[in-house]
Number of protein chains: 2
Amino acid sequence: MRDAYLIGAGQSDYGAFPAESYRSLFSTAFDAAVGSVPKGLEPGAIDEAFVGTLGVGGRQLGLPGPAVTEHVGLDGVPCTRVENACAASGYAVRQAVAAVRSGMADVVLAGGFEVMSDTSSDATKYWLGVSGETEWERLSGTTFSGVYAQMASAHMDRYGTTREQLSHVAVKNHANGAKNPHAQLGFECSLEDAMAAPVVADPLNLYHCCPTSDGAACTIVASEDVVDAYTDEPIRIAGVGAGSDRVGLFQREEYTTVPASERAGESAYEEAGVGPDGLDFAEVHDCFAIAELLAYEDLGFCDRGEAGEFVASGATRPDGQLPVNTSGGLKSKGHPIGATGAGQIVEAYKQLTGDAGERQLSDPRRGLTHNVGGSGGAAVVHVFERQPIEEVAR
Amino acid sequence: MRDAYLIGAGQSDYGAFPAESYRSLFSTAFDAAVGSVPKGLEPGAIDEAFVGTLGVGGRQLGLPGPAVTEHVGLDGVPCTRVENACAASGYAVRQAVAAVRSGMADVVLAGGFEVMSDTSSDATKYWLGVSGETEWERLSGTTFSGVYAQMASAHMDRYGTTREQLSHVAVKNHANGAKNPHAQLGFECSLEDAMAAPVVADPLNLYHCCPTSDGAACTIVASEDVVDAYTDEPIRIAGVGAGSDRVGLFQREEYTTVPASERAGESAYEEAGVGPDGLDFAEVHDCFAIAELLAYEDLGFCDRGEAGEFVASGATRPDGQLPVNTSGGLKSKGHPIGATGAGQIVEAYKQLTGDAGERQLSDPRRGLTHNVGGSGGAAVVHVFERQPIEEVAR
């Protein structure tokens, strides 16, 4: 099995961009990713592509894989659309890793996009809604905020997690996002603001929910056979894990864990030969504040039931023991669904290459990204680590 | 790189089944695939899954990957949706091959489904329509039959291909499909019938167009490390190729070839170390009669411009030099979009395991499948060959 390396990553701004299209945003992310490759990359070297996107409809059209690759000049290169709701491009990157490890490709583009701000489109509303369980959740009026509110209520009931602890997620992620020029909601918020926001789905308020966003993100993955042509400071994709679960929350045994995240994390840790103690930072899927707390527990950052205290203690702030969502997370950076997983990896790349600007952590060597689809029907985790070039097996 | 083997394949009936759902059809195909594994398969051995489907909307719901795997009892197994319009499950099987070759999985389910007969649904009509180019084709009223009609007209103009030759595709495929118990249009048609049918998009008439269908198909792919646990007569996935192209026909240099098919075929032949002369049969993407003729030329079954004569000569009948679409093809067997690519591989599996019933060819050793998305925006080709068990590398 050949090792896979992350040799570039970049993203568009996240926000509401009525004058942009899914193709123009993707093109911006593609150029940023190509431009980030340390020793340069001729796009013609890309021999495979995977694109994550949730929606076909509204301002997004069909055959999105070939549609975006033709737009960035990769004519003829096989491009496959990968979709697992909000984990679409996390899975796209996983497919890029498989393509490299299999020997079927040497340099692979994996990215994603979503244009969601045009919610006047019936199609857009439709494909957003159907990504939850339909028969018992959606048709009874349960939205995604409603599903995550049930998870939050269960966690509060079982472990004593508080609204204030949930609000600490927002305060931290906004503080981080305020330092990210690509963030959609790049402003700080106080704990008072985060506590006093209007309720969306009790106990979750507006500051406990991510925005809807337009945006795109791209990553470039290369094999051990060619990585030295692109960088002298390789970032190895040391571990990849994925897991599925019942689509409907009501079908699961417990509301206080996301088993797909646990499975994905365990597989990724096993492949990487490290555990949560070996991480210097993580980007986790905080579509709602409770989701970040569940991720802490499912990925072993803290014990079960202790995530509320963990975030409130400052442990996941940039100066804490395990900085989480230095990018601002979905909460502040934004959540253009198909772009989100690749966008998390953009932050990992920036941190590991020392290119994170005001958000830069001190010499991080290993980071994790965690991307969830639906309310936990799918999850994918990657572990990235800097590796001395002389240790690349060839 | 580990070799990948096809150890099982099965499908539901194709047709219009208002009492079935995408999950029930998938379940039928899954059971058939598992049941076809020569030495048996415990579903718990499946460690990865890929599902191809075009549509989310209508009677098809979100997170289709986890939704179908949970339905067949594969809880927790990573399942990724793969989509490239009508080539969705051909690409899903390609991802299964990548998963095995990469070492990330040993036994992989790859299938697809589509429930299309409910065309009363706006969503269903919508996602069917958007898989073509939108700005210049769809919005000007060009349907898929219209796009393929332009390709047919160009081929007739350039090479003298005739309506009668196009009709020979229908006659052959219906004769084959009449022997396939799973076929949607399992009846024979005469050349006179096929010539006299009402025009759909000139020069294509009703017998030059495949039906819309409900159905599902599944394949099971295993690694060289475990294949002998499942069969004593392995079928090696000897070659896989894929290619993309401009989504819009008008963006391409010529209307008389599908370059994505050429690219996919060349890659698959190269991997397999064979050319068209080494094939004993093929299943090609005959969504419209002209598509089968273009496939003959793009895959090297005959010279450019000669496909019309080639089909009329009987060369691709079951008793000809290269039998094509013994299953009945999309034309007679049916075309439930997401199922189609995997369904072609079901026929290849049946032919290579001697399980094709009345359609059985005489001792075929090597076959090809060819699956196209859109009007040629994406294509994927697989070459399968029987291999003595003692030649499996371990």
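Predicted model: local features only at pLDDT ≥ 70, side-chain atom pairs only at ≥ 80, totals over all residues.
Visitor: Does A:D363 count as buried or exposed?
Guide: A residue is buried if 20 or more other C-beta atoms, placed from the backbone, lie within 10 Å of its own, exposed if 12 or fewer do, and partly exposed in between. A:D363 has 10 C-beta neighbours inside 10 Å, and therefore counts as exposed.

Visitor: What is the phi of A:D363?
Guide: Most residues other than glycine have a negative phi. A:D363 is a residue other than glycine with a positive value, and its phi is near 50 degrees.

Visitor: Does A:A85 count as buried or exposed?
Guide: A:A85 also has a positive phi, near 55 degrees, in a residue other than glycine. Its place is in the loop between β3 and α3 (88–101) of chain A. Because A:A85 has 30 C-beta neighbours inside 10 Å, it counts as buried.

Visitor: Is the peptide bond from A:D202 to A:P203 cis or trans?
Guide: Most peptide bonds are trans. A:P203 lies in the loop between β5 (199–201) and β6 (204–205) of chain A, and in chain B the bond from B:D202 to B:P203 is cis with omega near 10 degrees. For the bond from A:D202 to A:P203, omega is near 10 degrees, and the bond is cis.

Visitor: Which word describes how α5(A) and α9(A) lie to each other?
Guide: Helix α5 (residues 144–159) and helix α9 (residues 289–298) of chain A pack at an angle of about 55 degrees with their axes 9 Å apart, where axes are lines fitted to C-alpha atoms, for helices over the stretch in contact, and angles run from 0 to 180 degrees between N-to-C directions. Angles under 35 degrees count as roughly parallel, over 145 as roughly antiparallel, 65 to 115 as roughly perpendicular and the rest as oblique. The relation of α5(A) to α9(A) is therefore oblique.

Visitor: How many residues of the contact of α5(A) with α9(A) are nonpolar?
Guide: Two residues are in contact if their C-beta atoms, placed from the backbone, lie within 7 Å. Ala, Val, Leu, Ile, Met, Phe, Trp, Tyr, Cys and Pro count as nonpolar, Asp, Glu, Lys and Arg as charged, and the others, Gly among them, as polar. Here A:Y148, A:M151, A:A152 and A:H155 in α5(A) meet A:I290, A:A291, A:L293 and A:L294 in α9(A). Of the residues in this contact, none is charged, one is polar, and the nonpolar number seven.

Visitor: What is the angle at which helix α6 and helix α9 of chain B pack?
Guide: In chain B, helix α6 (residues 163–177) and helix α9 (residues 289–298) have axes 9 Å apart, and they pack at an angle of about 95 degrees.

Visitor: How many residues of α2(A) are buried?
Guide: The buried residues of α2(A) include A:P64, A:G65 and A:P66. Their cover includes α1 (22–35), β2 (48–52) and β3 (79–83) of chain A together with β8 (235–244) and β11 (378–386) of chain B. Helix α2 (residues 64–71) of chain A is mostly covered, and of its eight residues those buried number seven.

Visitor: From which element comes the largest share of the side of chain B that touches chain A?
Guide: In all, 48 residues of chain B are in contact with 48 residues of chain A. On the chain B side, α2, β3 (79–83), α3 (88–102), α4 (122–129) and β8 each supply at least two residues. The largest share, six residues, comes from α3(B).

Notes. Residues numbered from 1 in each chain as written. Chains lettered and ligands numbered in written order. Helix = DSSP H or I, 4+ residues; strand = E, 2+ residues; numbered from the N terminus.
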